Amino acid sequence: MSEARVAVYGAYGHTGRLVTAELRRRRHPLLLMGRDPERVQALDVLKGEQKLALRIDADGWPAALDGVDFLVNCAGPFADTAGPLVEAALKAGVNYIDTAGEPQVVRDEFERFGQQAQGLGLMVFPATGFYGALGDLLVAATADGWSSADRVELDFITDGWNPTAGTRAAAARMAGRRLVYSGGELHEQTGQPEFVSRDYGPPFGRQSVMQGYPSPEAILVPRHLAAPTVAIGMGSLAIRDLRNTALTGPRAGEKPGSAFWSKPEFGKGPTPASVGVSAKTSTGSRRPSSQKRFRGPWPVAESSPEC
């Protein structure tokens, strides 16, 4: 796959720049794209790379994606961009990846395009960012081949968050509507969320955690692990910063926040990480006396909520 040509849409945004840097490190030929002609024009391109400004609703997508193997969408809010770009990718015979964090969008991508993509032999892979793929991979590693579990709990605990404009816009669009997975089904919750107090030990100690945080793991985990409940929590420090309109988003090269994944702990260096997963077997319910633990160093512990 080292020679795959990749189009990055939203290449001038925070996440787009991070994705572009990693693809360059892996020596992929790139097409850098976006909606804003001036910002696209300002992008630096290396030898063999190209850049193109193209609106979501433009007619030029088939020609633009000619010779492209993967379209990576980093342009939020994904409620605006995901559907049209998935359609454009599938029509052009191109695999689609995005970094969507809105669970409603991720659900719709699977429901609307999953079978079509499978029939074409193509991939539609949403939610590959910090929220989504990281937690899903951690659950899969913890479950270690289990086909079912009694309950999955994931808590995000961070020491701060400086959300991008796209993240704020997506949160505003959800307007208190939270898609959660319980009773073996997806439900939409409204109203004020519940906060509980939990002790996570060093380095965070006791934290207030929002219950029923709307994150893509509610969509991703049940696709490969049968569990009646996927409970997702978000630390109050992140919620505080998400609501703080004085924060203007990360500058180029700056991380939006040093992030940790925790249930009950996920930290830098050798700190243990664990996810509470109990699985049923043919002989009954298997509940480990101590949750499965993995020891670092953890490269993902350096990840940012906007990656």
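Q: Which strands form a hairpin with 6 residues between them?
A: Strand 10 and strand 11 do. Gly-201 in the turn has a positive phi of about 70°. This is a predicted model, where local features need pLDDT of at least 70, side-chain atom pairs count only at pLDDT 80 or more, and totals for chains, interfaces and linings use all residues. Residues are numbered from 1 along each chain as its sequence is written, and side-chain values use heavy atoms, leaving out hydrogens and water.

Q: In what sense do strand 10 and strand 11 pair?
A: Antiparallel, over 5 bridges. Strand 10 covers residues 195-199 and strand 11 covers 206-211. Strands here are DSSP runs (E, at least two residues) and helices are too (H or I, at least four), numbered from the N terminus. Two strands pair if DSSP finds at least two bridges between them.

Q: What stands opposite Ser-197?
A: Ser-208, in strand 11.

Q: New topic. At what angle do the axes of helix 4 and helix 5 cross?
A: Roughly 0°, and the axes come within 11 Å. Axes are lines fitted to C-alpha atoms, for helices over the stretch in contact, with angles from 0 to 180 degrees between N-to-C directions. Helix 4 and helix 5 are therefore roughly parallel, a label for angles under 35 degrees.

Q: Which residues of helix 4 and helix 5 meet?
A: Helix 4 brings residues including Phe-78, Val-86 and Leu-90. Among those they meet in helix 5 are Val-105, Phe-113 and Leu-120.

Q: And where is Gln-104?
A: Gln-104 is in helix 5, residues 103-120.

Q: Is Gln-104 buried or exposed?
A: Buried, at a relative accessible area of 11%. Buried means under 20%, exposed over 50%, partly exposed in between, with a 1.4 Å probe and protein chains only.

Q: What is Gln-104 in contact with?
A: Met-174, Arg-177, Leu-179 and Glu-188, leaving aside neighbours within four places in sequence. Contact means heavy atoms within 4.5 Å.

Q: Which peptide bond is cis?
A: One joins Gly-76 and Pro-77, with omega about -5°. Pro-77 sits in the loop between strand 4 and helix 4.

Q: What about phi at Arg-27 and Ala-127?
A: Arg-27 has a positive phi near 65°, and Ala-127 one near 60°. Most residues other than glycine have a negative phi.

Q: Buried or exposed, those two?
A: Arg-27 is exposed, at 70% relative accessible area. Ala-127 is buried, at 0%. Arg-27 is in the loop between helix 1 and strand 2, while Ala-127 lies between strand 6 and helix 6.

Conventions
Angles under 35 degrees count as roughly parallel, over 145 as roughly antiparallel, 65 to 115 as roughly perpendicular and the rest as oblique.
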